[in-house]
Amino acid sequence: MGASGTTGADAALDDRSVRILAFEARSWPDADAKSEAIRHELGLSGARYYRLLSGIIEQPAALRHDPLLVNRLLRLRDARVAARALRTPTPGRPLD
């Protein structure tokens, strides 16, 4: 238990996590506009932003904060992982 009497799973999101979730909830005309906004508004590279976002959506506090957004992001991530698994050849399997 932490000094405040809560465990890590019970902790609230920090300000940066809340800002990243709010940023991700916005709609974007295209990927370039979003990439530019990530750099200018959040001061992060795209890769860093998506690593942070991935960690944030794993937190129970994120699900409590915005369940619709977090569940949508988890579904999208799971779909990307499944699609990637279908594209990746299994070692020892013929490529034809």
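Which helices each supply at least two residues of the positive patch?

1. The model is predicted: local features require pLDDT of at least 70 and side-chain atom pairs pLDDT 80 or more, while totals for chains, interfaces and linings use all residues. Residues are numbered from 1 along each chain as its sequence is written, and side-chain values use heavy atoms, without hydrogens or water.

2. The helices in question are α1 (15-25) and α3 (46-57); helices are DSSP runs of H or I with at least four residues, numbered from the N terminus. The surface patch of positive charge gathers Arg 16, Arg 19, Arg 48 and Arg 51. Patch residues have over 30% relative accessible area and no salt bridge, like charges being joined within 9 Å.

3. The largest nonpolar core has 18 residues, of which Ile 20, Leu 21, Leu 44, Tyr 49 and Leu 53 touch the most other members. Helix α3 gives the largest share, five residues. Such a core is a set of buried Ala, Val, Leu, Ile, Met, Phe, Trp, Tyr and Cys residues joined through side-chain atoms within 4.5 Å.

4. There are four salt bridges, each a side-chain nitrogen of Lys or Arg within 4 Å of a carboxyl oxygen of Asp or Glu. One of them joins Lys 34 to Glu 24, with the closest N and O atoms 2.9 Å apart. Lys 34 is in helix α2 and Glu 24 in helix α1, so the pair ties together parts 10 residues apart in sequence.

5. Lys 34 counts as buried at 12% relative accessibility, as does Glu 24 at 10%; buried means under 20% relative accessible area, with a 1.4 Å probe and protein chains only.

Terms used
Patch = residues over 30% accessible without salt bridge, like charges linked within 9 Å, V, L, I, M, F, W, Y side chains within 5 Å. Areas by Shrake-Rupley, 256 points an atom, 1.4 Å probe, with all protein chains shown as cover. Lys, Arg positive; Asp, Glu negative; His and termini not counted. Charge placed at Lys NZ, Arg CZ, Asp CG, Glu CD. Buried < 20%, exposed > 50% of the residue type's maximum accessible area, 1.4 Å probe, protein only.
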